[in-house]
Amino acid sequence: MSFEIAFVLGLLAFALVLFVTEIVRMDVVALLVLSILALFGFVDAGEAVSGFSNAAVITVWAMFIISEGLSRAGVADLIGRSVLRVAGRGEVRMIVVVMLTAGILSGFMNNIGVAALMLPVIVGIAARSNLPASRLLMPLAYGSLLGGLTTLVGTPPNLLVSSALADAGLRPFSLFDFTPIGVVILAAGTAFVALVGRHLLPSVTAPKTGGEAGAALRDLYRLKERMFMVRVPPGSIAVGRTIDQIGLARSAGLVIISLVRDGTTLSLPHPTTTLRAGDLLLVEGRQDRFEDLRKWSSLKIERESPVLQEFLSQRIELRELRLAAGSTLVDAPLHHGDFRERFHANVLAVRRAGTVWRTRLSELTLQPGDRLLVQCDARAIAGLESASEFDALARVSEEERAELYAIDERAFVIHVPQDSVFVGRTMSESRLGDVFDFRLLGVFRGGEMLVMPASDEKIAPADLLIVQGRPEDLAVLRGLQELDIQYDASAHLDVFDSDALRMVEATLHPHSSLVGKTVAELELREAYQLELVAIWRNGKPQRSGLAGVALRSGDALLLVGPRARLAALNANPDFIVVTPVGAPAVETAKAPLAGAIVLAIVAAVLAGWQPISVAAVAGATLMVLTRCLTMEQAYRAIDWRSIFLIAGMLPLGIAMQRTGAAQFVADGAMALLGDYGPWPVIAGLYGVTAFATMVVPTAALVLLMAPIVLSASAELGISAHTAMMAVAIAASASFTSPVSHPANVLVMGPGGYRFGDYLKLGAPLTLVVFVVAALLLPWLWPLRPG
């Protein structure tokens, strides 16, 4: 093995590790590979950026626009709804119709777009048929993937293998070369899922439609058990304060659903609403956590203690830490308890570009370069200095703390009675640090002072806790104790039956800009006047501590708000509303025009007037000129991550061919399987590709496999078209995991699927596709065409 081969294969392995671990975004990995190859001279400057002018890449982004144009013109909606009207109520018939409809549309539309468009329709049909949506949504995703195999433009892997053939000086695939084998695979896959595979599908409770939708969603997410009433009694500290000031949402993690005052119900009252005596609040959240916070106010606050504060300040030092770019704390909310346990330090404030945060630090997502003001004892200094999470550490004087950070906090002595419920608990278990920014400075016990005790230090009877915090937060604790709780909220749940308040389930669009952002960063209340009450992830609802949760593709979001605000979500490109409220009718006036543009593209390609790349760009341009969509919508329709992924990985294929790395891998495959003949070699390449779809993006996978397949075909003396067709089929049959394809992720939350559900149905379906391909390839694509 030469150095050049070893280098390129090492870079390939490095890229695969990054793809699997997702340490770095896949498009950034591709650009990194491109840069390394160019910098080390394995490709020249022109070859390094050739992917951006590659015909397959151009066709891919043009088809994204055409697909969006068809969707916005109402073509797909017309076809989908018309066909699904004949689906009936039988499960087998519905699965067949859903999969074939999705498959036919995916032949000329982006399969992600097809799945996104049909998702709400399928959920509605399932609800009206009293069928769990989970019985139809995975077939929807799989139907769109199988349909991509029916034409050259159906899915990017088809275009990429065709482009690889052209680059090798061979005849590329034509528009309908995939159709004979693709149609049979679509039919066989549909029959298998409808007759056999459906028994492997889970049955998650189906949402209802109309007035029953809210109740069904509350049952599905098990919210009823978390709803209770809170009453503000006369004389309470809460009277005259705002909802935000009493800390029900911030400290107790409760969602304020409604406020009942003088017989009038106010839905989702604003945090600035002032409370009055007798107000009744319908809230959602964990009752046990709320009760725990109320119990803290039963502890006796002995006094402010400037003497003890001075004593401890001589033993506790202040440091300012700067977050390093590669820190694991970056892009995550600050958790006081975790930080204290890991670094033995308390975070007092965060400074970023002249802005200082002193409160609600647990709701703040940390960024590289943030400066954290921490307090710690001498023992923790060495650990902070050596921690790779921080790239700078500086001493901070009390004067600098007062001037730069302007923190006005005091130390309080809290006495723990002998019979306190907190005896035996730790400070971290109380969550006071996360909800009130309280910090435990020391514990006075048995005549000795424990300075900065460990987070797992248990509270003992008669302990004196020296706690630092703001006096107003102590008042909030007292106010929580004074509130009356009524655990039966059933009499007030009718608020969900009015237009003033509805509940819907939505999921993130595969191209959503919100993926990776925390719930707090969405500012749903401020931007949309909505509240997020639960997230469905990995087959179960997540209902607590949502503010710091980073959203993922496939999450289902349960949103509460006024009907009008929820209806507005239908037009938001970041969301797909699974159970829409007041969804506007799709405008279909331009549907004939959009359909004619697609037919013109097909005619131009079949007649040989223009290659598919030019025809697709012309069609995309006509979609904009005829106002089937705007240019802004066209830009947004393009999945730029996929474009950069493909363009960035193409130079690696060039380097593999040039250095002999592709031939080296092909020789290895030949040594292992060559003695058995060409079909076992093709089957081996198929198997490797199909298995790798579980962890590697399909577009990148095809680009890596193409040079290997071409080398192996040349060595075997067989037609490269046969092996390339096999690899394209294997790459497009991405059924075995939710991460195999965005269409799989899209239905995961709304369908309530777990990871294992995809493997349970996807593995046998992959085998079915393999068997059909093995039977048809020798007939349709012989090894040595005559």
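Analyst: Below, helix 4 comes first, and then the features around the rest of the chain. Keep in mind that the model is predicted.

Start with the helix itself. Helix 4 covers residues 55-73, 19 residues in total. At 1.5 Å a residue it should span 27 Å, and its end C-alpha atoms are 27 Å apart, so expectation and model agree. Most of this helix is covered. Of its 19 residues, 14 are buried.

Leucine 70 is part of helix 4. Its relative accessibility is 6%, so leucine 70 counts as buried, the cut-off being 20%. Where does leucine 70 stand relative to alanine 600? The two are 530 residues apart in sequence, yet their C-alpha atoms are 14 Å apart in space.

Next, the nonpolar surface. A patch there is formed by Leu31, Val49, Phe52, Met631, Tyr635, Trp640 and Phe644. Together these residues have about 620 Å² of accessible area. Two elements give two or more residues to the patch: helix 26 (631-637) and helix 27 (640-659). Methionine 631 belongs to helix 26. With 36% relative accessibility, methionine 631 is classed as partly exposed.

Then the charged pairs. The whole structure holds 23 salt bridges. Three of them follow, with the setting of their partners.

Arginine 25 pairs with aspartate 27, with 2.5 Å between the closest N and O atoms. Aspartate 27 is buried, at a relative accessible area of 9%.

Arginine 395 and glutamate 317 form another salt bridge, at 3.2 Å from N to O. Arginine 395 sits in strand 10 (residues 390-395) and glutamate 317 in strand 6 (residues 317-323), so this pair ties together parts that are 78 residues apart in sequence. How exposed are the partners? Arginine 395 is exposed, with a relative accessible area of 61%. Glutamate 317 is partly exposed, at 23%.

Glutamate 531 and arginine 525 also make a salt bridge, their closest N and O atoms lying 3.0 Å apart. Both partners fall under the 20% cut-off, so both count as buried. The relative accessible area is 18% for glutamate 531. For arginine 525 the value is 16%.

Aspartate 555 lies between strand 18 (540-542) and strand 19 (556-561), in the loop. Aspartate 555 is buried, with 2% relative accessibility. Its side chain is joined to that of arginine 537 by a polar contact of 2.6 Å.

What about cysteines? A search of the whole structure gives 0 disulfides. Cysteine 376 is buried, with a relative accessible area of 0%. Cysteine 628 is buried too, at 6%.

Last, backbone angles in two loops. Most residues other than glycine have a negative phi. Aspartate 262 has a positive phi of about 55°, although it is not a glycine. Its place is the loop between strand 2 (255-261) and strand 3 (264-267). Aspartate 262 counts as exposed, since its relative accessibility is 73% and the cut-off is 50%. Alanine 462 is another non-glycine residue with a positive phi, near 70°. This alanine lies in the loop between strand 13 (448-451) and strand 14 (464-469). Alanine 462 is partly exposed, with a relative accessible area of 37%.

Notes:
Residues numbered from 1 in each chain as written. Predicted model: local features only at pLDDT ≥ 70, side-chain atom pairs only at ≥ 80, totals over all residues. Heavy atoms only, no water. Patch = residues over 30% accessible without salt bridge, like charges linked within 9 Å, V, L, I, M, F, W, Y side chains within 5 Å. Areas by Shrake-Rupley, 256 points an atom, 1.4 Å probe, with all protein chains shown as cover. Salt bridge = Lys/Arg side-chain N within 4 Å of Asp/Glu carboxyl O. Helix = DSSP H or I, 4+ residues; strand = E, 2+ residues; numbered from the N terminus. Buried < 20%, exposed > 50% of the residue type's maximum accessible area, 1.4 Å probe, protein only. Expected span 1.5 Å × (residues − 1). Disulfide = S-S within 2.5 Å. Polar contact = N/O pair within 3.5 Å; in protein donor to acceptor, adjacent residues only side chain to side chain.
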